[in-house]
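Student: Can you walk me through this one? Keep it quick, please.

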Amino acid sequence: MADSSSPREHSPTQDDDVSLPDAPAPANNDDAPAPENTNGAAANQPGVALEDLFDDDDEALANELEASSAANIPSSPPQTAPSSSAPEIASSAQQQESYSDPNLMRQFYSRLFPFRSLFQWLNHSPKPGPDFSNREFALTLPNDAYLRYQSYPTADMLRKDILRHNPSRFEIGPVYTTNPRDRKTLRKSSMFRPLSKEIVFDIDLTDYDDIRTCCEKANICNKCWAFATMAIKVVDVALRDDFGFEHIIWIYSGRRGVHAWISDKDARELDDDKRKAITGYFEVLKGGVQGGKRVNLRRPLHPHIVRSLEILKPYFAQVLVDQEPFLSKTGQDRLLQLLPDKSLTEALAKKWASSPERPSHKKWADIDSMAETGVSKTLDRKALLQAKQDIVLEYTYPRLDVEVGKKRIHLLKSPFVVHPGTGRVCVPITAGGDMKRADSFDPLSVPKVNELLREVDQFGAGAGDGDEPSNGFVEDGVTMRKLNDWEKTSLKPYVELFDGFVKTLLKSEMVRVKRERDEDGATGTDGMEF
Amino acid sequence: MLRTETRFDPKRKRVDYKKTQFANASYKDQDYPYRLSFYDVPPTQEISLEEFETWAIDRLRILAEIESCSFRNKSPQETAAHLEPLLKKYLPLSSNSSAAGGVVDDRLRKERRKDHYSHFILRLAFSGTEDLRRRFARVETMLFKLRFQADDSRERRAFVESLNLNWELVQDEEKRELGEQLLAATPGLRRLDEENWFKVDWTRVPELVEHRTVLVRKGRAYVPMREQTSMVLTEFSNRLEKALELTSRALPRLDEDDRLTPILDHLSKNFATPDSGFSESDSSLPGAPINAANIDALSQHFPLCMKHLHTTLRKNNHLKHFGRLQYTLFLKGIGLSLEDCLVFWRQSFKTITDDQFNKEYRYNVRHSYGDVGGDANRRGRGYAPYSCQKILTEHPPGTGEAHGCPYRHFSVDNLTSMLQATGVHDRDVLRGVKEDVEKKRYHIACNRVFEWAHKSEIKRVKDEGIWGPAELETIVHPNTYFKRSYLLKNLGNLPKQDVRMEE
């Protein structure tokens, strides 16, 4: 399958950088039965080996060689061919592939990865500039070596290098003062320092393990994904309304987490202290499990907390049903420990001792009804209400992995790479503050790399032979254009979401540049005094 | 002010440059109208070499004292009380009102001149390295804070106004509109008309934002008037940091004979790092069987923080990053070799494969020992084991993390039960610990437990005069805790040697 796409690839690269898109495949369908074609899969091997040999050569040349060698010597590579071609056959036919299979990844990068979108997002302008070229990329190679301080002048170079190294994943770091590759040539090492980077947040569901009863460790289900959704809602609105950021995109990390990227110019240029301030602003839960009461808020509640509580209340009711946090003995003890009045908690403990199976939402309701009965003479209603608010927050408020957000130099996995453990693509969840989208996001339906590649291959084949335009072409206003491979797959809505986000970012960036230029012009004439 | 800095106009710059090239520098004597200063203008008058040195040393003395207060976790009030007599003696700075008629007289001018000059001399001495710059800026800011808070309120207002900081007052209409939220965001305020607010970019008050003590809307922070201090301080430290960087760039071109450089060198060396509470000698325990297999047995001598890490490690067969770091460095400090340390961690992580260990953990352990990593790391043989100071102030533990100081980061209940689990049952001790912790004197609590656990041994060394008071000083480093505990419990068994513990 790889041999079918790569030879054709050199035509666009020679054409122009405009057609950077991921390998078009006009007559793709005739390669679709590749799984049965042992030759085809094996023939793929020499190409890979050769490409490694011609590391630094022009890709077109490498591809040509690859094509010719594929045609002439179908099974020339000696030892490796049988062993590595076998799993590939199995993979396309069955489900048992390893997701970091190098061949799978190479195809994914060459055909589906939206390099152009990624480039525009990081470059903040259509014309290649330092925002992109001084940006650090870090690649995790298939042998698990970690290659830091990579950088690329253009999207094409990035694509070429990614194809060459075929990393199992790669991460994005900050923009540095100079090209990260030149960092050792500087006279003083202190001249090499990070200038800017998107503010990032990382939410990881393992941090919820003490209140998550449905799954633990790396596993997730739709029930606990609700924690991620509520976190997105609380943080997103605060970033917009409080800090005034606009360009926020939420990315699924491929397994059990969520990353937020804030691309506003002001956000990118914040120093580490200010980043720390933002993470502090969001921090409500303090201390580890050992620390006793984890939510200790000042009253009256800060407007951010009030708003968050409003968002979280309905979720809390849901959490009570989905997670049953107070069902177990430890969960129940924890709840009682967090309540203020001693005679109240004793009465509750007694009541619940007789019905151990009582569901959490009933227990929660019991608190108020028990308080009503006047079991405690000294009950302070205000304190009880506050304790209940604190409990709601402890069981729903976002738990951010604060270290990631605090420093500019932190690297974070790029959007659209494949999670090596699950094979799922790190797709955007939502952008532009569209919370309906966040609600409907289902991490378990996020496309996997092998499914996507199959979709490309099946595209057109299933659409019927008579239907020409669907076969890789689409009407594009005036003319027909080739369909990008990702457009043929379920990756399409995600790339479009990302592109839409990037477009608004570029627009605001353009307006800003123009305004700054105008202002400069004005001061320039002021300066011309005679 | 900010705008002109960020914009770079080459044309205008060149004109200025030509104009000034042949112009005479116009020095102006400063008349110091305010007690406080942002030290924006360097001094230009002549002073004697002796003044140069003594003024600098006097100021240095104050700064060192401030820093040590912060390392001992003293509260602002304690620090202020501690420093008051010292400041009076070495670096007095009186307010205008203390002079007759509130007019700046000769005495005030002299004080302010000394303050001004000594600040700039130390700037020269401490701009050399990043580390010195950071520390200098930190303690100078603390000194400024101390004085700012003690200042006469009228003079303080006049001083702040003279700074010309770009603050926009919130008008009555907006104030009413946001009433509820302003009240909720401003702690300790009951009525709206008791306070006035001004709007600034939130980036100018990061501390207030971090602690959610201001209202933030659309990137603007609504700062109550009384929070001025925080803003002024931020401004002060920002400007100072920038200025120090400029100084450091100018330093190599200091047009100087050999009179000042030795003094400056000497000064910067005397600003010793108090964090170096750990020295090589702390780790030397000749004859002690310190190896991977023995850690369980040795852990009885560990301070509570390390005991907690150890038991957590044994319980979970794993520790998170900062826990591993804190514990590895401590183990390095007690004299565990790198090889043994690797063996220890490998064996402790029971649930992971060799491959995973080698990939994900091995490097970090080696890095802590300075076996890998950058040049500086290797030369310094890795990081120094963490002092109590560092453990108390950096990286508070989060979910699932076991590092930090139990006295500080545990709730009192959990702390008590943990102490009981480690065999501390004495009720007086537990009560004492509770009081210490409530007063935030965590190291005192730790020392209290130490003294209780070793009371008979301590009595013996005191009675027999084997150890002097220097050997029984307050412990401020986990490795000191271990070494002292180990020595005390093995009084008779260790080979006779000079049982001195250099501090």
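Tutor: Helices (H or I, at least four residues) and strands (E, at least two) are DSSP runs, numbered from the N terminus. Residues are numbered from 1 along each chain as its sequence is written, chains are lettered from A and ligands numbered from 1 in the order in which they are written. This is a predicted model: local features need pLDDT of at least 70, side-chain atom pairs count only at pLDDT 80 or more, and totals for chains, interfaces and linings use all residues.

Student: How many helices and strands are in chain B?

Tutor: Chain B has 27 helices and 4 strands.

Student: What order do the 4 strands of the chain B sheet take?

Tutor: The order is 1-2-4-3, in an open sheet with antiparallel pairing. Two strands pair if DSSP finds at least two bridges between them.

Student: Which strands stand at the edges?

Tutor: Strand 1 (168–169) and strand 3 (215–217) of chain B. Each has a single partner strand, so one side of each lacks a neighbour in the sheet.

Student: How many bridges join strand 3 to strand 4 of chain B?

Tutor: There are 3, and strand 4 covers residues 220–224. Arg217(B) sits opposite Arg220(B) in strand 4 of chain B.

Student: New topic. How do helix 16 and helix 27 of chain B cross?

Tutor: Helix 16 (residues 321–334) and helix 27 (residues 478–489) of chain B have axes that come within 9 Å and cross at roughly 40°. Axes are lines fitted to C-alpha atoms, for helices over the stretch in contact, and angles run from 0 to 180 degrees between N-to-C directions.

Student: Which residues meet there?

Tutor: From helix 16 of chain B, Phe330(B), Gly333(B) and Ile334(B). From helix 27 of chain B, Pro478(B), Asn479(B) and Phe482(B). Contact means that C-beta atoms, placed from the backbone, lie within 7 Å.

Student: And how many residues of chain B are in contact with chain A?

Tutor: 32 residues of chain B, against 30 residues of chain A. Helix 2 (10–21), helix 9 (179–185), helix 10 (206–210), strand 3 and helix 23 (412–421) of chain B each supply at least two residues of that side.

Student: Now chain A. What is the strand order in its open sheet of 4 strands?

Tutor: In chain A the order is 5-7-6-9, with antiparallel pairing. The twist averages 20° from one strand to the next.

Student: What packs on that sheet?

Tutor: Helix 9 (residues 222–241) of chain A. This helix touches strand 5, strand 6 (248–252), strand 7 and strand 9 of chain A. Its direction makes about 15° with that of strand 7 of chain A.

Note on methods. Contact = placed C-beta atoms within 7 Å.
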